[in-house]
Amino acid sequence: MSEVPLFPLNTVLFPGGRLPLRIFEQRYMDMAKACLRDGSAFGVCLIREGREVGAPATPVEIGCLARIAQWDMPQLGLLQITAVGSQRFRIVERKVEASGLALASIDVLERDRDSPVPESCAGCVRLLERVIEQQAGLFEPPHRLDSASWVGSRLAEILPLPLAAKQELLELDDARTRLERLNALLAH
């Protein structure tokens, strides 16, 4: 179990996913500075209650660790970063510092059980191939189109699903089940 700063957002980050962020609140500027200095991760969690800006929001229990892959400061007081998701985690305990930054003791969850993409989900792969063709650079290479985990995570990120549905997909620990659920949604 380790302690990480939390960044509650109105988005769901999956392992391997990229998340562009514009940081301007001092608590998150300080968090990003520490993460860059130490090469450490922060936790991205969907907001259960509250807002992204202002008073600390209450996050859901399952989130995704993220590391800063790129950063730029186009103007003083505005930090633009691209974070990359690594592993899912569960919040064990959360506390909020005087600055408003939430820290959490977490358990890192096992990586989801991956498997080859089942034949019944071949349409999901074709859809993702078209997206990759049309939007080069959208996904971090390598493009693992034979992996149920990679295909399911990337589809869950880009499909216009309700946030609660995306969170439910993140919480699944079986990649094939995640992909089969997405395939069923696409079939309707």
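Visitor: By about how much of a helix are Glu180 and Arg176 separated in helix α5?
Guide: This is a predicted model, in which local features need pLDDT of at least 70, side-chain atom pairs count only at pLDDT 80 or more, and totals for chains, interfaces and linings use all residues. Residues are numbered from 1 along each chain as its sequence is written, and side-chain values use heavy atoms, with hydrogens and water left out. Helices (H or I, at least four residues) and strands (E, at least two) are DSSP runs, numbered from the N terminus. Because Glu180 and Arg176 lie four residues apart in helix α5, their separation is about one helical turn.

Visitor: At what N to O distance do the side chains of Glu180 and Arg176 meet?
Guide: Accessibility is classed as buried (under 20% relative accessible area), exposed (over 50%) or partly exposed (in between), with a 1.4 Å probe and protein chains only. Glu180 is partly exposed at 32%, and Arg176 is partly exposed at 37%. Their side chains form a salt bridge with an N to O distance of 2.9 Å.

Visitor: Which helix holds Glu168, the salt-bridge partner of Arg181?
Guide: The closest N and O atoms of Arg181 and Glu168 are 3.1 Å apart, in a salt bridge. Arg181 lies in helix α5 (residues 175–187), so the pair ties together parts 13 residues apart in sequence, Glu168 being in helix α4 (residues 163–171).

Visitor: How many residues apart are Arg144 and Asp114?
Guide: Arg144 and Asp114 form a salt bridge, with the closest N and O atoms 3.1 Å apart. Arg144 is in the loop between α2 (122–134) and α3 (148–158), and Asp114 is in the loop between β7 (102–108) and α2; the pair thus links distant parts of the chain, 30 residues apart.

Visitor: How many salt bridges are counted by this rule?
Guide: Beyond individual pairs, Arg113, Asp173 and Asp174 are linked in a network of salt bridges. By the stated rule, the count of salt bridges is eleven.

Visitor: Which residue's backbone oxygen lies 2.4 Å from a polar atom of the Arg27 side chain?
Guide: Arg27 is placed in helix α1 (residues 26–38) and counts as buried at 6% relative accessibility. A polar contact (a pair of N or O atoms within 3.5 Å; within protein, one must be able to donate a hydrogen and the other to accept it, and residues adjacent in sequence count only if both atoms are side-chain atoms) joins the side chains of Arg27 and Glu25 at 2.9 Å. The backbone oxygen at 2.4 Å from a polar atom of the Arg27 side chain belongs to Gly54.

Visitor: How many disulfides does the structure hold?
Guide: A disulfide is a pair of cysteine sulfur atoms within 2.5 Å. The sulfur of Cys121, a buried residue at 0% relative accessible area, is 5.0 Å from the closest cysteine sulfur, in Cys124, and therefore too far for a bond. The sulfur of Cys35, buried at 4%, is likewise too far for a bond because the closest cysteine sulfur, in Cys45, is 13 Å away. The number of disulfides in the structure is zero.

Visitor: Is Trp71 buried or exposed?
Guide: Trp71 lies in strand β5 (residues 62–75). Its relative accessible area is 54%, so Trp71 is exposed.

Key. Salt bridge = Lys/Arg side-chain N within 4 Å of Asp/Glu carboxyl O.
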